Amino acid sequence: MHESAGPEIDHRFVQVGGLRVHLAEAGSGPLVVLLHGFPETWYSWRHQLRALAAAGYHAVAPDQRGYGRTDRPDAVEDYTILHTTGDVIQLVHALGEQGAVLAGHDWGGVVAWHAAMIRPDVVRGIVALSTPFQPHADGPHLAGLRAVAGSDYDRYYSVYVQRPGIADEELDADPHATVRRALHGASADGYPWSPIVPEGGRLLDIWPEPQRLPDWLTEDDIDTVAADFAKTGFTPALNWFRNFDRNWALTTAWHDSTIRQPALYLTGDRDLAATLPGIAGRSAAVPNARKAIVLPGCGHWLQQEQPEEVNQALLGFLRSLT
């Protein structure tokens, strides 16, 4: 297991509502909760856990609902944004705190933004990696995507995974290959990639088999993450995607809401996610957003591809809040 040097990372389980949550943590001080994306686990934050602890913060990276060693409910509708946001808010309180700063990457960024919007009394600030704030849209996500994707709609990856069992079986067949191809494919080394599944192809075909791993990624890293998915399968993680339109319906009360907390957005200049339909742009609904940071030569996995740069930005933001 490849982890950067620094303070010890401890592991434990915390009861969060009806969910048993596994978390990795380091340090003591003001609470910072680090939220991973897909297909990841707490391990994606290994470099930040140590850096934050060394700087005087209590850094906590949970396996989110359905991932890693955290409980994974069976029902698709148990993975809505209200469930995942509620997990984070209750986790803050279960750790004995009234508030925290949230840092989220990919789907973790979506959770961080919604937590800030729904519970501004708990979320002190937000750092979002790859996922800018998306105000509540005028219509459901998948219908809007149909207008953008056109004839490629059914093969667009976030539509392709809606069909129960199809993508699940493809990704489950070889978890090590799935993690390896995803981490390489969406990185700077795999850029650019197409979110459209090839005609007659499988989901993983959007990310070609890598000839070599990038310097920031080792076989041990892949083994660590793949071992968790080998136990859980990918269905719980895919269930997050299967709630796109349900999430839209559940959050209509927050239409036109504004995020008032201080916020920082980071992306890579080779991160395709920053340009995907429904993702691109920087919202005026975040009036206290700092200037966005674009990391040169960086793909989608910011905190792993360029950990020192992300640590510097994260610590600079945190220090500005005190």
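Visitor: How many helices and strands are there in the protein?
Guide: This is a predicted model, in which local features need pLDDT of at least 70, side-chain atom pairs count only at pLDDT 80 or more, and totals for chains, interfaces and linings use all residues. Residues are numbered from 1 along each chain as its sequence is written, and side-chain values use heavy atoms, with hydrogens and water left out. Helices (H or I, at least four residues) and strands (E, at least two) are DSSP runs, numbered from the N terminus. The protein has 12 helices and eight strands.

Visitor: What radius of gyration does the protein have, and which value would a compact globule have?
Guide: The radius of gyration is taken over C-alpha atoms, and the globule rule is 2.2 Å times the number of residues to the power 0.38. For 322 residues the rule puts a compact globule near 20 Å, and the protein agrees with this at 18 Å.

Visitor: What percentage of the residues of the protein count as buried?
Guide: Buried means under 20% relative accessible area, exposed over 50%, and partly exposed in between, with a 1.4 Å probe and protein chains only. Of the 322 residues, the buried ones make up 57%.

Visitor: Which helices are among what covers the buried residues of α7?
Guide: Helix α7 (residues 175-185) is mostly covered, with 11 of its 11 residues buried. Among the buried residues are Pro175, Arg180, Arg181 and Gly185. Contact here means heavy atoms within 4.5 Å. The cover includes α6 (166-172) and α8 (219-232).

Visitor: Why is helix α1 described as largely enclosed by the rest of the structure?
Guide: The buried residues of α1 are Arg46, His47, Gln48, Leu49, Arg50, Leu52 and Ala53. They pack against β2 (19-26), β3 (31-35), β4 (58-62), α8, α11 (302-305) and α12 (307-320). Helix α1 (residues 46-54) is largely enclosed because the buried residues number seven of the nine.

Visitor: Which residue just after α1 takes a positive phi?
Guide: The phi in question is about 100°. The residue is Gly56.

Visitor: At what angle do the axes of α2 and α3 cross?
Guide: Two packed helices are described by the angle between their axes and the distance between the axes. Axes are lines fitted to C-alpha atoms, for helices over the stretch in contact, and angles run from 0 to 180 degrees between N-to-C directions. The axes of helix α2 (residues 81-94) and helix α3 (residues 107-118) come within 9 Å and cross at roughly 75°. Angles under 35 degrees count as roughly parallel, over 145 as roughly antiparallel, 65 to 115 as roughly perpendicular and the rest as oblique, which makes α2 to α3 roughly perpendicular.

Visitor: Which residues of α3 does α2 meet?
Guide: On the α2 side the residues are Ile81, Leu82, Thr84, Thr85, Val88 and Ile89. Their partners in α3 are Val110, Val111, His114, Ala115 and Ile118.

Visitor: Is Ala116 buried or exposed?
Guide: Ala116 is found in helix α3. Not counting residues up to four places away in sequence, Ala116 touches Val123, Ile126, Ile259 and Gln261. Its relative accessible area is 2%, so Ala116 is buried.

Visitor: What is the relative accessible area of Pro198?
Guide: Pro198 is found in the loop between α7 and α8. Leaving out residues up to four places away in sequence, Pro198 touches Arg155, Asp205 and Ile206. Pro198 is partly exposed, and its relative accessible area is 35%.
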